[in-house]
Amino acid sequence: MQPDDVPRAERLSAEAFYEADLQTFPPSWPAPEQRPPSRAASWIARTGRFLETDPRGSWVAVDERGLAGFATSVVRESLWALATFAVRPGAQGRGIGKRLLDAALATGEAAGCERWMLSASSDPKALRRYRLAGFDLHPQMFLHGRLDRSAIPAVEGVRDGTADDLELLDSLDRELRGAGHGPDHEALARTGRLVVDVRGRGYAYAGARRPEVVAAIDEETAVRLLWESLARGGDEPMIAHVTAANQWALDVGLAARLAIQSEGYLGLRGMSPPAPYVHNGALL
Ligand SMILES: CC(C)(COP(=O)(O)OP(=O)(O)OC[C@H]1O[C@@H](n2cnc3c(N)ncnc32)[C@H](O)[C@@H]1OP(=O)(O)O)[C@@H](O)C(=O)NCCC(=O)NCCS
């Protein structure tokens, strides 16, 4: 993938995910033409940054109609993460995805990665690809609804994070998923406000729509950080990407009167589902 490909990949991604959702689920993705410009802009900024940090991690497929598909991935220390993977609707199911995923995986193999993460949609074509590539598939739940603000407890022992916390964040990431997010903390900081436990036992990015990451050494800290994220966000939040290893996040969501549903899978190789941890869909 070259910088010129990035805006086209953003459009293709919007179309492919919208189509996939229409087939499997009441659509949660906006129609491509309704995707807010700010969301497209942050996708483009994030992917452009991947090309700088990981020039060999992102691949495109091209056919007579132009961009046919792409896969973007990054290597952080000994961890490989798949950020996005999509093939143009109409060109799917003919082996393009396999070639793209194999190219992205080869980058991780060349880097000697020991841990591998991706957050999968429920598209059966994607799940077939991931399982055949050796990923364990762990179902993901999400909670959604109208937040009962009266249920939010007084949260103590948290503070706003700053750039000085980056070393702490990476050390927590290493405990939980074996590798720091490194440069991806920049992209995460654009998704929400960084909140840090005052004893350095956890952090979260509190986005307006949802917490983007919650990472902690113990469940008590994770619970406080998740409440704080909900308190700072909107009235109809989503707590996304909750694996069975993170029942504490279900308890917080239920206490906030949100409802549980399931969607997609956390795909892992060489590791178990991180906990207490709520992962990010693209930056994991
Ligand atoms: C997931 C995606 C990138 C895969 O690309 P692709 O070009 O369709 O993938 P491939 O053709 O290489 O592989 C799809 C596999 O599913 C099979 N398949 C096709 N239609 C299927 C269906 N309806 N149900 C189950 N399997 C199906 C194909 O036969 C192929 O398997 P095989 O190679 O063993 O025969 C693409 O389908 C897509 O963009 N989906 C929507 C967006 C999405 O969900 N992306 C994944 C994000 S995690």
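**Reading a ligand site and its surroundings**

Q: How far from an oxygen atom of the ligand does a backbone N or O atom of V87 lie?

A: It lies 2.8 Å away. The idea to hold on to is the polar contact: a pair of N or O atoms within 3.5 Å, where, within protein, one must be able to donate a hydrogen and the other to accept it, and residues adjacent in sequence count only if both atoms are side-chain atoms. Before we go on, this is a predicted model, in which local features need pLDDT of at least 70 and side-chain atom pairs count only at pLDDT 80 or more, while totals for chains, interfaces and linings use all residues. Residues are numbered from 1 along each chain as its sequence is written, and side-chain values use heavy atoms, with hydrogens and water left out.

Q: Which residue has a side-chain N or O atom 3.3 Å from an oxygen atom of the ligand?

A: That's Q92. K98 works through its backbone instead, with an N or O atom 2.8 Å from a ligand oxygen.

Q: How much of the ligand does the protein bury?

A: Accessible area comes from the Shrake-Rupley method with a 1.4 Å probe; for residues, only the protein chains shown count as cover. Here the ligand exposes 940 Å² when taken alone, and the protein buries 76% of that.

Q: Which elements give two or more residues to the shell around the ligand?

A: Helices (H or I, at least four residues) and strands (E, at least two) are DSSP runs, numbered from the N terminus. The contributors are α1 (5-24), β3 (79-87), α3, β4 (115-120) and α4 (124-132). Helix α4 supplies the largest share, 6 residues.

Q: Which residues come nearest to the ligand?

A: A residue is near a molecule or strand if one of its heavy atoms lies within 4 Å of it. There are 23 residues around the ligand, and G93, G95, S121, D123 and R129 come nearest. Sorted by class, the shell has 11 nonpolar, 6 polar and 6 charged residues. For that sorting, Ala, Val, Leu, Ile, Met, Phe, Trp, Tyr, Cys and Pro count as nonpolar, Asp, Glu, Lys and Arg as charged, and the others, Gly among them, as polar.

Q: Back to K98. Is it buried, exposed or partly exposed?

A: Buried means under 20% relative accessible area, exposed over 50%, and partly exposed in between (1.4 Å probe, protein chains only). K98 has 38%, so it's partly exposed. This lysine is part of helix α3 (residues 96-110).

Q: How many residues does α3 have, and how far does it reach?

A: The expected span of a helix is 1.5 Å times one less than its number of residues. α3 has 15 residues and reaches 21 Å from its first C-alpha to its last, close to the 21 Å expected.

Q: Which residues of α3 are buried?

A: A helix has 3.6 residues a turn if it's an α-helix, so residues three or four places apart point the same way. In α3 the buried ones are G97, L100, L101, A103, A104, L105, T107 and G108. Those residues pack against β1 (58-63), β2 (66-76), β3, β4, α4 and β11 (259-269).

Q: What does A61 touch, leaving out residues up to four places away in sequence?

A: Contact means heavy atoms within 4.5 Å. A61, in strand β1, touches G66, L67, A68, G69, I96 and L100. A61 is buried because its relative accessible area is 15%.

Q: Which side chain does E228 make a polar contact with?

A: R232, side chain to side chain, at 2.8 Å. E228 is in helix α7 (residues 219-232) and counts as buried at 14% relative accessibility. Beyond its neighbours within four places in sequence, E228 is in contact with V155, V158 and V195.
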